[in-house]
Amino acid sequence: MSGKIFVIGAGAWGTALAQAARLAGNDVVLVGRDPAAVDEINSAHTLTSYLGAIGLDPALRAQTGMSGLEEADAILLVVPAQATRATLAAIGPQILSGKPVILCAKGLETATNDRQSQILAELAPGAEPFVLSGPSFAHDVAAGKPTAVTLAGPTIERAEAIGTLLASDSFRPYASGDIVGVEMCGALKNVYALGAGAIEGAGLGLSARSAFLARAYAELGRMIAAMGGSEATLSGLAGIGDLALSCTSSQSRNYRFGMALGQGGSVDDIAASGMGLAEGLFTTPVARAVADRDGIDAPLVGAVDLLISGRARIEAIVPMLMRRPLKREE
């Protein structure tokens with residue numbers, strides 16, 4: 001099955017997903033804001049600022065506007081989580097009505113605490129929501145390296161149908177009907193990656209990082225259940241798959257940012273050094289507010305919030321966690 005796919009957002013991840021959609025045999029249009037980047041994609045078939053020397057499919061077309069969007073069989077929205085609302089508002093609900101919109105950002109909106117699908121439902125209630133998440137780095141996907149992800153939809157049958165548009169020898173979507181669970185996994189793994197990176201950066205050892213990862217898995221399960229998702233999603237690619245990758249690899253920007261925090265850097269200094277801002281920085285205070293509001297036991301989210309706010313260093317936070325009342329492992 002093939003079709004016409006628009007990918008909105010020509011950063012590393014958007015371009016990589018556009019490449020994956022082309023490798024699956026689709027007619028793909030990639031929408032970006034930077035005319036120079038669009039020209040490079042169309043003429044040199046590269047995007048060196050994000051993907052180095054990786055060659056892009058010559059048939060991948062890039063443009064700076066939304067022209068032709070009404071002809072899309074599916075739309076991949078690959079803008080930062082905090083830009084989703086503005087992007088959808090600019091497109092408008094009429095053009096999105098009846099179209100599958102695959103949300104690819106991993107994060108919660110800071111102004112409203114909303115998940116990405118909630119923003120879509122508010123601004124384009126006629127659109128059909130899907131969420132793509134899972135263990136995947138842009139360089140791997142763009143280079144055609146084997147990658148498996150989760151694609152959640154309003155029903156598992158619809159997720160299976162849309163998944164056939166993206167499936168290829170190098171990109172394998174697994175269908176899910178749990179939009180909430182997949183979204184929460186994608187958003188919160190960035191929070192936990194900051195914490196795991198800080199443990200690494202502070203030199204607290206692999207045992208500490210492994211324990212953090214296991215307890216993050218348990219905490220994430222509580223968050224998913226409280227939000228109405230399925231804890232079973234935790235055992236899949238969007239759950240343990242993405243959590244393990246993001247919390248152990250320096251290819252993850254959130255993990256690298258956490259390492260710098262663990263080494264004593266401040267958020268402002270690290271961002272100014274050229275690393276940029278990690279999505280987990282925006283999601284952490286939202287996740288803490290949600291946990292507080294709903295009475296969810298989420299000490300690791302609270303710990304990361306302490307760290308990024310500068311209220312405590314990782315060397316002080318870890319003993320606080322270790323001194324919590326002992327409990328049974330559940």
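I took helices (H or I, at least four residues) and strands (E, at least two) as DSSP runs, numbered from the N terminus, and I called two strands paired if DSSP finds at least two bridges between them. The model is predicted, so local features need pLDDT of at least 70 and side-chain atom pairs count only at pLDDT 80 or more, while totals for chains, interfaces and linings use all residues. Residues are numbered from 1 along each chain as its sequence is written, and side-chain values use heavy atoms, with hydrogens and water left out.

I looked up the strand order and found an open sheet of eight strands, 3-2-1-4-5-6-7-8, with mixed pairing. Strand 3 (61-63) and strand 8 (171-176) are its edges, each pairing on one side only. On average, neighbouring strands are turned by 25° against each other, direction ignored. For angles I used axes fitted as lines to C-alpha atoms, for helices over the stretch in contact, with values from 0 to 180 degrees between N-to-C directions.

I then checked strand 5 (residues 100-103) and strand 6 (residues 128-133), which run parallel and are joined by four bridges. Leu-103 has Val-131 of strand 6 as its bridge partner.

**Helices on the sheet**

I counted contact as heavy atoms within 4.5 Å. Helix 8 (residues 156-166) packs on the sheet and touches strands including strand 1 (4-8), strand 4 (74-77) and strand 7 (147-152). The direction of helix 8 makes about 170° with that of strand 8. Helix 11 (residues 237-246) also packs on the sheet, touching strand 6, strand 7 and strand 8, and its direction makes about 140° with that of strand 7.

**Pocket**

I searched a 1 Å grid over the protein atoms alone; a pocket is an open set of points with protein on both sides within 12 Å along at least five of seven lines, and lining residues have an atom within 4 Å of a point. Grid points are joined across faces, edges and corners, and a volume is the space filled by probe spheres set on the points. The largest pocket has a volume of about 1600 Å³. Its lining has 46 residues, with Gly-11, Ala-12, Trp-13, Pro-80 and Arg-253 nearest the centre. Among the elements giving two or more residues to this lining are helix 1 (12-23), helix 11 and helix 14 (279-294).

**Cavity**

A cavity is a set of points where a 1.4 Å probe fits but cannot get out. I found one cavity of 30 Å³ or more. The largest cavity has a volume of about 80 Å³ and is lined by 14 residues. Helix 9 (179-201) and strand 6 each supply at least two of the lining residues; helix 9 gives the most, with four.
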